Amino acid sequence: MRSPYKSLKKVFTNSFVRYLEVGGTAFILDFALTIICYDLLHFQLWIAVAIGYWGGFFVNFAGQRNFAFRSDRPYVVSLVLYLGLIGFNWVMQTLLMTAFVEMLDLPIAVGKILTTGAATLWNFPIYRFLIFPRKKASVGPGKVKTTLPESIDFIIPAHNSASTIREALHHLDNWAKSHQGVTALVVENGSTDDTAQILDELVKEGQFERLQLQVRTSQTGMGHAYREGIIHSRAELLVLTADDLPFRTSDIDNWFEDPREGVSLGSKAHPDSRVERSHLRNFTSRGFSLLRGIILGSKVGDTQGTVIASGDYLRDICELTAEEGYLFSTEVVALSEHGEVPVRELPVVLDRATQTHATRIRLRDVAKMGFGLVRLRMRISNVERERIQRTVETPAEQTPAE
């Protein structure tokens, strides 16, 4: 029998629910911008209304395309069709309002509610099948199988990890008994507890049977730690994970069941994941996913889980990364998506023991992540321009002189 939680999760991953979420977000932004510009900034009314309308317009367009429907259709085509739909909606809603208010003699508020509800229903299939269609794939992203690796490096940032790191490494040691060439590359980054001492003891004691342990240090920040680990890694396959192994090895086990090229993500957003978290954390995760879709055009449900990819690939793109904190894995995914590298999500099982630990993400980190998405979008745009420039310049450079 399906659990109520899993049934509810299926509902909230439905495209129609995402469609309503985006529409609601656009409405709230429109409303808030209008009020702020008129009441607080004292703009003229028509200017305040225009700012609110166009702010909601672009959020609705980007959110529906990238988050709700995750469309592959070119932006220009979708935008032209979207503008056409706005004209169609204006005509239809005018006709309906006339019918409800003047012909049926309904109150104008009731007519507006009925008209808005009708538009919400007819817009959904138009969005899904005409304006924002998504290409169908027989297997999905990352459909090229790859060979099993002979070496694996788990890269683990350790910041104030005294309560978790020892147990996590022993768990990996047990997992390594059935796999070859497994190394835990732990990067201590500015801890203020006993993390550094514990790691020194583990290295000196050599108490692991199969797991090879390497310890490095970096500046404070998850991005710095991951970058340090990637640069000094040597394995064929890299696994970027957390100091408490929140999914234990369910992420990498699922990768081994179906090894594929490209970037794989241990994703809490996968419909088959078993994740039970508070309503607040689910709400903030969905909000962050919506922002990523709008700002980065990301079609991935969760970028804050495990990253599993070829060591050569991650070492190659490492020089393009600049994130210092929690957005490092989001940056890797964004670079991969924009570089047309296959990205797929794997189901995970969130370990109950890790849910008892208080989150180490603070309010200021959330704010940094929001502003960081904008900076990340700008950097990726620069990377794209550089790639295009290289493709234009390379043929000319290789042409023999006459």
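Trainee: I152, F154, I156 and A158 point one way from β1; which residues point the other way?

Mentor: This is a predicted model, in which local features need pLDDT of at least 70 and side-chain atom pairs count only at pLDDT 80 or more, while totals for chains, interfaces and linings use all residues. Numbering starts from 1 along each chain as its sequence is written, and side-chain values use heavy atoms, with hydrogens and water left out. In a regular strand, side chains alternate between the two faces of the sheet. On the other side from I152, F154, I156 and A158 stand D153, I155 and P157.

Trainee: How many of the residues of β1 are buried?

Mentor: Buried means under 20% relative accessible area, exposed over 50% and partly exposed in between, with a 1.4 Å probe and protein chains only. Strand β1 covers residues 152-158; strands (E, at least two residues) and helices (H or I, at least four) are DSSP runs numbered from the N terminus. The strand is mostly covered, and the number buried is seven of seven.

Trainee: Which residue of β4 stands opposite I152?

Mentor: Two strands pair if DSSP finds at least two bridges between them. β1 and β4 (residues 237-240) run parallel and are joined by four bridges. Opposite I152 stands L237.

Trainee: What is the handedness of the β-α-β unit made by β1, α6 and β2?

Mentor: β1 and β2 (residues 182-188) pair in the parallel sense over seven bridges, with D153 having T183 as its bridge partner. With the strands pointing away from the viewer, a path from the first strand over the helix to the second that runs clockwise is called right-handed. With helix α6 (residues 165-176) between β1 and β2, the unit is right-handed.

Trainee: Which are the edge strands of the seven-stranded sheet?

Mentor: The sheet is open, its pairing is mixed, and its order is β3-β2-β1-β4-β6-β5-β7. An edge strand pairs on one side only, which here applies to β3 (212-217) and β7 (343-346).

Trainee: What angle does the direction of α12 make with that of β7?

Mentor: β7 pairs with β5 (residues 263-266) in the parallel sense over four bridges. Helix α12 (residues 328-338) touches β4, β5, β6 and β7, contact meaning heavy atoms within 4.5 Å. Axes are lines fitted to C-alpha atoms, for helices over the stretch in contact, and angles run from 0 to 180 degrees between N-to-C directions. For α12 and β7 the angle is about 135°.

Trainee: How far apart are the end C-alpha atoms of α2?

Mentor: The expected span of a helix is 1.5 Å times one less than its number of residues. The 26 residues of α2 (residues 15-40) should therefore span 38 Å. The model agrees, with the ends apart by 36 Å.
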